[in-house]
Amino acid sequence: MPRITGILETILYADDLDGAERFYRDALGLDAIGGGSELMRKFRVAPSQVLLVFDPSVSEVEDRPVPSHGTRGSGHIALLVGEADLPAWRE
């Protein structure tokens, strides 16, 4: 089995993105990255690890470029694997 090398991103959900940004930036000291949007806020946890906080009322809307998701559906975690291992994982 190919090796998992880390967690690329972790997804959380919050109805109040501005409040979530204040908490993760000011209380926990994470760097906000990429600016905010009505969909999400992004924070750098480690050089290759990101925390994304989505507004579930926006992320669950159908026909978005990425699959719709939110706290009313299943959550997810993105595992980091080597690019050379992708074919083995797909198989």
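Predicted model: local features only at pLDDT ≥ 70, side-chain atom pairs only at ≥ 80, totals over all residues.

Modeller: Residues are numbered from 1 along each chain as its sequence is written, and side-chain values use heavy atoms, with hydrogens and water left out.

Biologist: How many aromatic pairs does a search of the whole structure find?

Modeller: Three. Rings of Phe, Tyr and Trp (its six-membered ring) pair if their centres lie within 6.5 Å; planes under 30 degrees apart count as stacked, over 60 as edge-to-face and the rest as tilted.

Biologist: What makes the pair of Tyr13 and Phe54 tilted?

Modeller: The centres are 6.2 Å apart, so the rings pair. The planes stand at 35°, so the label is tilted.

Biologist: Which parts does that pair tie together?

Modeller: Tyr13 lies in strand β1 (residues 4-13) and Phe54 in strand β4 (residues 49-54), so the tie spans parts 41 residues apart in sequence. Strands are DSSP runs (E, at least two residues), numbered from the N terminus.

Biologist: Why is Tyr13 called buried?

Modeller: Buried means under 20% relative accessible area, exposed over 50%, partly exposed in between (1.4 Å probe, protein chains only). Tyr13 has 19%, so it counts as buried. Phe54 has 6%, so it is buried as well.

Biologist: What makes the pair of Phe23 and Tyr24 edge-to-face?

Modeller: Their planes are at 80°, with centres 4.9 Å apart, so edge-to-face applies. Phe23 is partly exposed at 42%, while Tyr24 is buried at 16%. Ring pairs also link Phe23, Tyr24 and Phe43 into a cluster.

Biologist: How do you know that β4 is largely enclosed by the rest of the structure?

Modeller: Five of its six residues are buried, so that description holds.

Biologist: What makes β1 and β4 a strand pair?

Modeller: Two strands pair if DSSP finds at least two bridges between them. β1 and β4 have five, in the parallel sense. Tyr13 stands opposite Phe54 there. Strand β3 (residues 40-46) pairs with β4 in the antiparallel sense over six bridges. Arg44 has Val50 in β4 as its bridge partner. A hairpin joins β3 to β4 through two residues.

Technical notes
Helix = DSSP H or I, 4+ residues; strand = E, 2+ residues; numbered from the N terminus.
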